[in-house]
Amino acid sequence: MAGAGVNLFFQTLLDIVKAFVGVYNVFDKQYASVRYVGWVENTMTERIKVIQGDITRQAVDAIVNAANPSLLGGGGVDGAIHAAAGPELLAECRVLNGCATGEAKITRGYRLNAPRVIHTVGPIWYGGGHDEDALLARCYQNCFLLAVRHGITTIAFPAISTGAYHFPMERAVQIAVTETRRFLESQPALRKVVFVCFNGATFNCYCKILAGRPQGKAS
Ligand code: ADP
């Protein structure tokens, strides 16, 4: 009888301990997930900014150029960046031997407010069956990798491939936002990513995909 009583005592004690451990685990997991989600969301809101404006005027560590494979300048944002940076940029680009689609190369910014330019070549839209999505994602990934390797903490992007290369805007913005969020989650060193939209339609598209509401003032 006494033995059974001792067993019951220890069984009850064990149940109590298990119950506490269970509650602790549930609490700990919930707390951890809340803290994680909160951290990511807060950090994202602070670290991703959308503005309507001209990327050549941005005072960040690096602006991204939606270049063509020659890296020797062109129209659109590429032409605007070369015009604002001055001929020294073209001289530096000449010795880079071009850039493949999805890859990225870095130069100085010369007369720009940004001391660095990261040149990436987005894919031309051929209807979606030519690896366009993956190649555009690679552009963002490679820009971020170069940025971190060069100690860049603030970076501004145009909507790569959405101009002369005709990538559908919403699809391109979704890729830009997905890749940016993924990178920011793993890289606390990158403090700010600015999406610079040249027109209102692009600005609205980023806002919709990021949060469904405006996130920054037009400038
Ligand atoms: P791509 O050949 O990659 O399509 P474009 O330069 O034609 O490159 O267009 C890419 C995006 O950059 C388009 O959404 C276009 O409206 C935008 N853009 C053009 N000029 C500027 C600028 N000065 N600042 C920011 N974005 C720009």
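Which of the 20 residues around the ligand come nearest? They are Ala66, Gly76, Gly163, Tyr165 and Phe198, where a residue is near a molecule if its C-beta atom, placed from the backbone, lies within 6 Å of it.

The model is predicted: local features need pLDDT of at least 70, side-chain atom pairs count only at pLDDT 80 or more, and totals for chains, interfaces and linings use all residues. Residues are numbered from 1 along each chain as its sequence is written.

The protein contains six helices and six strands, taken as DSSP runs numbered from the N terminus (helices: H or I, at least four residues; strands: E, at least two). Their order along the sequence is α-β-β-α-α-β-β-α-β-α-β-α.

In the shell around the ligand, helix H2 (residues 76-85) gives the most, with four residues.

Helices H5 (residues 169-186) and H6 (residues 200-210) have axes that come within 10 Å and cross at roughly 50°; axes are lines fitted to C-alpha atoms over the stretch in contact, with angles from 0 to 180 degrees between N-to-C directions. H5 is therefore oblique to H6, as angles under 35 degrees count as roughly parallel, over 145 as roughly antiparallel, 65 to 115 as roughly perpendicular and the rest as oblique. The residues in contact (C-beta atoms, placed from the backbone, within 7 Å) are as follows.

| Helix | Contact residues |
|---|---|
| H5 | Met169, Glu170, Val173, Gln174, Val177 |
| H6 | Thr202, Cys205, Tyr206, Ile209, Leu210 |

Definitions and conventions: Two residues are in contact if their C-beta atoms, placed from the backbone, lie within 7 Å.
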